[in-house]
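This briefing goes through one protein structure topic by topic. Please keep the sequence and the 3D view open while reading.

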Amino acid sequence: MALRALTPDAPARTGPAPLSTAQVEQFHRDGFLVLPGFLPDDLVTRLRPEVDRWVDEGLRARSIACAVDPAANGLPPVLELELPAHGALIAHPPLLELLARLMGPSFVFHHLHSDRQEPDRPGKPWHHDYEQHPQTDRTFTMIHTLHYLDGLTEDTASLVVLPGSHREVAAKDARAGRGTDPLPGELVLDRLPVGSTVVLHSALFHARRALPEGRGTHRYFLDSSYCQTGRRWPPVKPYWRYALQRARDLRLDGGRWPELFAERHFTEYEGPA
């Protein structure tokens, strides 16, 4: 069954209203929240050309190469968080206030991914993104915030989620054998307005379902991720310390979130899970 938060004919912006008690309860029960039009227009406008630069100048490809083979490629020449609007997104005050409602007042930034996904990109199979080696519990919360600059429409790949699956203790690829096939109980997110954000518990199984025959338009997508403090989390990039230091140098926390870029909340990098 398809969940359509808003149709393309009703592009109203809800904005960053504080979370209600019902929304907090829904997140803990279902593992996700849909926030239509969460990002302000000016931030969306600033982010879009930065995503274009990140892709067109090869900065995304270079950052991946530096993560895959750090010995050969060293540090990226530019980090996503060094792009002004990307840095602003990481510490967007309404976003951090929302995270504090869901995780408590102490949490740490984990990573940022930014991409302009071409229409013919294949779907991404069912998976979750909870960083734990091995997967043993769900005591502490990790959250991925998925930002869709142009929203989601019939001309873009959809996001599919499996409500409640964040409560399972399972490997990230436990459902990968199903590809992007429909699963019982899934919800399809394919109608969201510009600047919408989907907040996922990182252990929630989800997939990107491509359009038939690669039809459609580019999908502007950013993923900023955060972890509740209280345990040490595995980093996903070998240059994670450098990234946190750059965030501190740029004072992205605004002086309000002292743990946001603290290194002590992470283990050593061990390579891909």
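**Charged pairs**

Glu-57 forms a salt bridge with Arg-53, and their closest N and O atoms are 3.1 Å apart. A salt bridge here is a side-chain nitrogen of Lys or Arg within 4 Å of a carboxyl oxygen of Asp or Glu. The model is predicted: local features need pLDDT of at least 70, side-chain atom pairs count only at pLDDT 80 or more, and totals for chains, interfaces and linings use all residues. Residues are numbered from 1 along each chain as its sequence is written, and side-chain values use heavy atoms, with hydrogens and water left out.

- Glu-57 counts as exposed, at 52% relative accessibility, and Arg-53 counts as partly exposed, at 36%. Buried means under 20% relative accessible area, exposed over 50%, and partly exposed in between (1.4 Å probe, protein chains only).
- Side chains of opposite charge can pair when their charged atoms come close.
- The whole structure has 22 salt bridges.
- One of them joins Arg-246 and Asp-249, at 3.3 Å from N to O. These two residues are three apart in helix H7, so about one helical turn separates them. Asp-249 is partly exposed, at 43% relative accessibility.
- Helices (H or I, at least four residues) and strands (E, at least two) are DSSP runs, numbered from the N terminus.
- Another salt bridge joins Arg-264 and Glu-259, at 2.6 Å from N to O. Arg-264 is exposed, with a relative accessible area of 56%, whereas Glu-259 is buried at 18%.
- Arg-60, Asp-115, Glu-118 and Arg-121 belong to one network, joined by salt bridges that share partners.

**Aromatic rings**

- There are seven aromatic pairs in the structure. Rings of Phe, Tyr and Trp (its six-membered ring) pair if their centres lie within 6.5 Å; planes under 30 degrees apart count as stacked, over 60 as edge-to-face and the rest as tilted.
- Phe-109 and Phe-261 make an edge-to-face pair, with 5.7 Å from centre to centre and 65 degrees between the planes. Phe-109 is in strand S3 (residues 107-117) and Phe-261 is in the segment after helix H7 (240-249), so this pair ties together parts that are 152 residues apart in sequence.
- Tyr-130 is in the loop between strand S4 (124-127) and strand S5 (142-148), while Trp-233 is in the loop between strand S10 (219-228) and H7, 103 residues apart. Tyr-130 and Trp-233 are both buried.
- One aromatic cluster is formed by Phe-107, Phe-109, Tyr-226, Trp-257 and Phe-261.

**Charges over rings**

- The charged end of Arg-138 sits over the ring of Tyr-130, 4.4 Å from its centre. The charged end of Arg-48 sits over the ring of Tyr-220, 4.0 Å from its centre.
- A charge sits over a ring if NZ of Lys or CZ of Arg is within 6 Å of the ring centre and within 35 degrees of the ring normal.

**Helix H6**

- Helix H6 (residues 93-103) has buried residues, including Leu-95, Leu-96, Leu-98 and Leu-99.
- Gly-104 follows H6, and its phi is positive, near 95 degrees.

**Pocket and cavities**

- On a 1 Å grid over the protein atoms alone, a cavity is a set of points where a 1.4 Å probe fits but cannot get out, and a pocket is an open set with protein on both sides within 12 Å along at least five of seven lines; lining residues have an atom within 4 Å of a point. Grid points are joined across faces, edges and corners, and a volume is the space filled by probe spheres set on the points.
- The largest pocket holds about 1,200 Å³ of space. Its lining has 41 residues, and His-111, His-113, Lys-124, Asp-129 and Asp-223 lie nearest its centre.
- The structure has two cavities of 30 Å³ or more. The largest cavity holds about 220 Å³, and S3 gives the most to its lining, with four residues.
- The second largest cavity has a volume of about 80 Å³. Among the residues that line this cavity are Glu-118 and Arg-121.
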